[in-house]
Amino acid sequence: MEDKLDKLLLLIEQQNKAWSIHLDMMQGLINIIDAKVNSQDNLLKEHPTVREESNSQPTQPFNAYGDTRPYGVDIEEEKNAEPESFPPAPTQQPSTIEEPTPPAALNPPMEGERVVSLEQPKQEETIPAPQSKAEMLERQVRLPE
């Protein structure tokens with residue numbers, strides 16, 4: 001009988017050890033899951049989602065006009081504004097437009113090189129800019145020769 005009780009006690013002790021190991025594993029899993037959930041909550045607290053609605057009121061109303069500033073005041077202010085401090089842009093006449101520099105002048109020949117041109121450069125006559133809409137239409141009808 002004593003042997004049977006010893007065996008029974010030994011089995012109960014082994015079962016208690018198995019339960020304590022099982023309990024430790026479950027506690028470890030709970031700690032891991034808890035840490036994961038807490039880290040997600042902390043991330044959401046540090047970096048809130050973009051689509052989250054804020055309960056705060058806007059600092060300025062969307063409509064800038066009201067009793068203090070009626071509609072159209074800004075338009076009247078623009079009409080009565082002082083003239084700009086900079087002068088208007090000068091109009092360029094065709095005679096003041098600079099001629100483009102030939103490519104040979106941009107890249108001068110290196111020492112020891114000689115530039116030989118077989119043809120004389122053609123001189124293009126400058127056509128003055130049209131002064132009226134009639135001149136523009138006349139130039140469109142007339143084909144260049």
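Helices (H or I, at least four residues) and strands (E, at least two) are here DSSP runs, numbered from the N terminus. On those terms, the chain has four helices and zero strands, in the order α-α-α-α from the N terminus on.

Please note that this is a predicted model, in which local features need pLDDT of at least 70 and side-chain atom pairs count only at pLDDT 80 or more, while totals for chains, interfaces and linings use all residues. Residues are numbered from 1 along each chain as its sequence is written, and side-chain values use heavy atoms, with hydrogens and water left out.

I turn to confidence. The mean pLDDT (the predictor's confidence in each residue, from 0 to 100) is 77 for the chain, and 66% of its residues reach 70 or more. Confidence is highest in helix H1 (residues 2–46), at a mean of 93, and lowest in helix H3 (residues 103–106), at 56.

Finally, burial. Of the 145 residues in the chain, 1% are buried, that is, under 20% relative accessible area with a 1.4 Å probe, protein chains only.

Methods
Buried < 20%, exposed > 50% of the residue type's maximum accessible area, 1.4 Å probe, protein only.
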